[in-house]
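Hi,

Here is the structure I promised to pass on. Have a look at it first, and then read my notes below.

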Amino acid sequence: MDVRVDVRVEGIVQGVGFRPFVHGLATGLGLSGLVGNDAGGVFIEVEGAPDTVGLFLDGLRARPPRLAVVNRVTTREIDPRGHPGFTIVGSDPSGERRALVSWDSATCDDCLRELRDPADRRYRYPFVNCTGCGPRLTIVTDVPYDRPNTTMAGFAMCGPCAAEYHDPADRRFHAQPVCCPSCGPSLDLRPGGAADPLTAALELLADGAVLAVKGLGGYHLAARASDESAVAALRARKHREDKPFAVMVPDLAAARALCHLDGTEEALLSGARRPIVLARRRPGASLAGAVAPGNGSVGLMLPYTPLHHLLVTEPLVLTSGNVSDEPIAHRDADALERLGGIADGFLQHDRPIHTRTDDSVVRAFRGRTLPLRRSRGYAPEPLPIGRGRSVLACGAELKNTFCLTRDGRAFLSPHIGDLENYETFRAFEDGIDHFRRLFGITPELVAYDPHPEYLSSKYALGQELPAVAVQHHHAHIASCLADNGVDGPVIGVAFDGTGYGTDGTLWGGEFLVADLRGFERAGHLEPVPMPGGAAAIREPWRMAAAYGVPGDLPVARRSGWSAVATMAGRRVNAPLTSSMGRLFDAVAAVLGVRDRVTYEGQAAVELEQRADPAETAAYPASINGSEPFTVAGGDLVEAVVADLRAGVPVPSISARFHNGVAALIVDAATLVRDATGLGVVALSGGVFQNMLLLDRAVSGLTDEGFDVLTHHRVPPNDGGISLGQAAVATVVSSGSS
């Protein structure tokens, strides 16, 4: 006797070909029924023999489409209807919003074959897509995920596209962005237009122009990566003095020609998410010096849209379409206004971008992903989090992201940027409004960083919600815990540039005993003055003066050295800081690596680049055993000065310093373990983007019997802070023990 089962599927099941998959699975098994989208996900009614219905339910879980994530399948028996056939029914927009939105996926192999086939009607069409690839988050305006709720709503399907859309045997069956040259978006080149915009754009690039290109989540600025004058012009016009540019290459072979790549890096480059992957540059790689001055790594990415596949015939610099410190431009009029002084031409299209989304940036660490910027290709895929009241976590000031939680899921926003200007703050506010509406989340409390001047914190305190302050470095460690799906307690090592401490000073070299409920400061780097406050971040030589470097060294020849040294000694306009980032700055300045920076972390990045990886010696740092204990960073500086005076090469000194920092992590963790019995260490904070330090710290800790937690789904830098805030607030709100 036949049964009929009502099925509810939750997860990333809209915009990924799930309804066509269900249709094919059911008809292949000879079952009848229906499938549709609603605000909660996918609803199904399936009717047939009990064993066959069981096979259908098994197939739902075991063989979903490649972009789908099935989180939950619930069933209940209902009365059989005896109606033949299986149909896809219209969407139901009513009900509670629980549907998840897919991330934007790189063009699939099937679509690429069409793009390159002269006999195909989509030959060289820059917007080819199907249920297995293409835009998702960037075009979605609402749920359920149907064409009217995307920025494709204004493009009426032509007859052939409509036929594909309604054909159960076609891979574009209910593909919402389906289009072709007859009915879909089209390219335009400004100024002046062109009969063939793509060819004209390629000619502009070949002539050394800077081209603004409208992509998936915003505009990029492009130039030939081997053209020194073009890249230098881009750098000058963008007001980006030294920060490296990303490079898009046509394929893996071109990537291998520029960088040394391991298997993990190649998999990241060629996967469906297509982030920028930081990789080690080959000596003599055919890249302009202005691409990544003073840096031995290159940020590589492969094409992820059909337009990129057509445009990138050689390595191109492809950097965010903005002036430094502004959000990426994603609306056409705004792009023309803001990028008009940078770009020589604009390659545009008429498909609106609803959600601006920067490229993601990752590194490979011991066979896993280490995110540095989580954005396109990852957001808004939810992360698991403890259940509790719904939280809005507002993140930090730099590298801002926000996070919204509901029912055990954390929705981390794409990268917003540094909340230091009106445009970026507006992007932050607009993003929160969009995510709240898209995922149907009404926050019950708000989490924030207690720094009194952070715009994100001021926004949080302006909401009419109960507020939970989460100390910056506790949030770093909580982020690492949530990233790894553990609650703690752990020994948390939080190293970064700066964060507001509970004592009102600037922290950044912290050893915590922490879980998701709270923390104790077990120890920290010995505080030193930060002469000039924020000026010391921009001018690392000031930190060398703060650490008492002798006045006869080359670094002390800077104009103003004496006044700054006096300022530090008298602690006038020189707030105390325990920052590990500032210690790296001091050493970089002493060694002549970098005494003025133009982007965050530049001195530390270049100091790491100079280190000799074969060096095994380590400088010692003493630990004062009081509670909380202090680690004498000044010992490392004194050792650096002594070796510099002895004529030891800078690469050796840099490596010994890195090894010394790794050794002090192990020594401090051992001290905490002896006092608490804890054997798990969590490493977080922007300093742990340093691959040399991270590798040596993990090795040293592991050798001493510690289990070590590092980041692999969210960044260790401030881009992961909002997840940590949300994790803490969730536990606090639920009263979990």
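Let me start with a charge over a ring: the charged end of Arg235 sits over the ring of Phe245, 4.2 Å from its centre. Here, a charge sits over a ring if NZ of Lys or CZ of Arg is within 6 Å of the ring centre and within 35 degrees of the ring normal. Arg273 likewise lies over the face of Trp103, at 4.3 Å from the ring centre.

A word on the source: this is a predicted model, where local features need pLDDT of at least 70, side-chain atom pairs count only at pLDDT 80 or more, and totals for chains, interfaces and linings use all residues. Residues are numbered from 1 along each chain as its sequence is written, and side-chain values use heavy atoms, with hydrogens and water left out.

The whole structure holds 15 aromatic pairs (rings of Phe, Tyr and Trp, the last by its six-membered ring, with centres within 6.5 Å; planes under 30 degrees apart are stacked, over 60 edge-to-face, the rest tilted). Tyr125 and Phe127 are edge-to-face, because their planes stand at 70 degrees, with the ring centres 5.5 Å apart. Both Tyr125 and Phe127 are buried (under 20% relative accessible area; exposed is over 50%, partly exposed in between, with a 1.4 Å probe and protein chains only).

Phe495 and Phe688 also have ring centres 5.5 Å apart, but their planes are at 10 degrees, so this pair is stacked. Phe495 and Phe688 are 193 residues apart, and their pair links distant parts of the chain. Both Phe495 and Phe688 are buried.

Best wishes

Definitions and conventions. Helix = DSSP H or I, 4+ residues; strand = E, 2+ residues; numbered from the N terminus.
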